[in-house]
Amino acid sequence: MSDEHTPFHVLAFAGSLRRHSYNRRLLDAAAAAAPAGIRLTVYDTIAQVPLFDEDLEAETHGGPDGVKQLRAAIVAADGVLISTPEYNQSLPGVLKNTLDWLSRKDAEYGEVLSGKPAAIMGATPGRWGTRVAQSQLRHALAAMGALTMTAPQLYVAEVAKASDAETGAFDAATQKRLGTFLEGFQAWMQVLNAGPRNR
């Protein structure tokens with residue numbers, strides 16, 4: 001039975017491989033802004049997830065180490081937070097590829113995102129705030145059985161104006177929106193009764 005005083009463990013990753021991408025920086029801001037009920041861990045190694053290949057899947061008995069490590073991290077978390085950029089009005093290929101691996105039924109863990117609480121956000125230099133990419137990501141997660149939060153939603157448009165170029169810090173308005181978003185995700189996990197596991 002869950003301890004109501006134990007924070008939810010949320011695994012967060014960006015749909016970009018660039019080390020200091022806006023979406024990776026948004027995750028750092030999320031970790032700093034997380035309410036007391038959330039312990040957020042940023043996962044930085046989706047670069048170790050190769051292109052999906054059923055032959056490789058068979059040869060490695062479910063996927064290479066990068067895939068297995070990510071699956072294990074998701075299983076150990078109470079929820080997942082994904083921050084996605086938008087490329088050419090679409091979901092980034094590296095993120096879609098990662099989801100394709102995670103959608104596969106693993107012999108040890110099963111389908112790791114099925115029934116898992118999830119939240120989506122995104123930042124972009126453009127004016128539309130990753131709306132198309134988030135919509136596509138939401139659709140893919142639904143197909144995988146993830147329980148994605150519907151509201152609040154967080155779209156950070158014209159992100160260069162909302163963050164400091166030198167420090168990477170986001171402005172007060174964005175930090176406030178981020179705090180509200182994370183409080184909503186905490187409430188979403190509570191509604192789903194996805195309490196932290198006794199570990």
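Reader: Hi! Which elements do the buried residues of H5 pack against?
Author: Hello! They pack against strand E3 (79-83), helix H4 (93-102), strand E4 (117-123), E5 and strand E6 (154-156). Helices (H or I, at least four residues) and strands (E, at least two) are DSSP runs, numbered from the N terminus. Buried means under 20% relative accessible area, exposed over 50% and partly exposed in between, with a 1.4 Å probe and protein chains only.

Reader: Before we go on, what kind of model is this?
Author: This is a predicted model, in which local features need pLDDT of at least 70 and side-chain atom pairs count only at pLDDT 80 or more, while totals for chains, interfaces and linings use all residues. Residues are numbered from 1 along each chain as its sequence is written, and side-chain values use heavy atoms, with hydrogens and water left out.

Reader: Thanks! Back to H5: which of its residues are buried?
Author: Ala133, Gln134, Leu137, Arg138, Ala140 and Leu141 are. They cover an arc of only 165° around the axis, so they sit on the same side of H5. The arc is that of the directions from the helix axis to the C-beta atoms.

Reader: And which residues are exposed on the other side of H5?
Author: His139, Ala142 and Ala143 are exposed there.

Reader: How far apart are the end C-alpha atoms of H5?
Author: They are 19 Å apart, which agrees with the 18 Å that the 13 residues of helix H5 (residues 131-143) should span at 1.5 Å a residue. The expected span is 1.5 Å times one less than the number of residues.

Reader: What comes just after H5?
Author: Gly145 does, with a positive phi of about 85°.

Reader: You mentioned E5. Where does Thr148 lie, and what does Thr148 contact?
Author: Thr148 lies in strand E5 (residues 147-148). With neighbours within four places in sequence left aside, Thr148 is in contact (heavy atoms within 4.5 Å) with Ala118, Ile120, Arg138, Leu141 and Trp188.

Reader: Is Thr148 buried or exposed?
Author: Buried, because its relative accessible area is 11%.

Reader: New topic: how many residues of E1 are buried?
Author: In strand E1 (residues 8-14), 7 of the 7 residues are buried, so the strand is largely enclosed by the rest of the structure. Phe8, Val10, Ala12 and Ala14 lie on one side, with His9, Leu11 and Phe13 on the other.

Reader: Nice. In what sense do E1 and E2 pair?
Author: Parallel, over 5 bridges; two strands pair if DSSP finds at least two bridges between them. His9 stands opposite Arg39 in E2, and Leu11 has Thr41 of E2 as its bridge partner. E1 is also joined to E3 by 5 bridges, and these strands run parallel. There, Phe13 has Ile82 as its bridge partner.

Reader: What do E1, H1 and E2 make together?
Author: With helix H1 (residues 22-33), the strands E1 and E2 make a right-handed β-α-β unit. Right-handed means that, with the strands pointing away from the viewer, the path from the first strand over the helix to the second runs clockwise.

Reader: Last one: what does Leu40 touch?
Author: Leu40, in strand E2 (residues 38-42), touches Val10, Ala12, Leu27, Ala30, Ala31, Leu81 and Leu182, not counting residues up to four places away in sequence. Leu40 is buried, with a relative accessible area of 14%.
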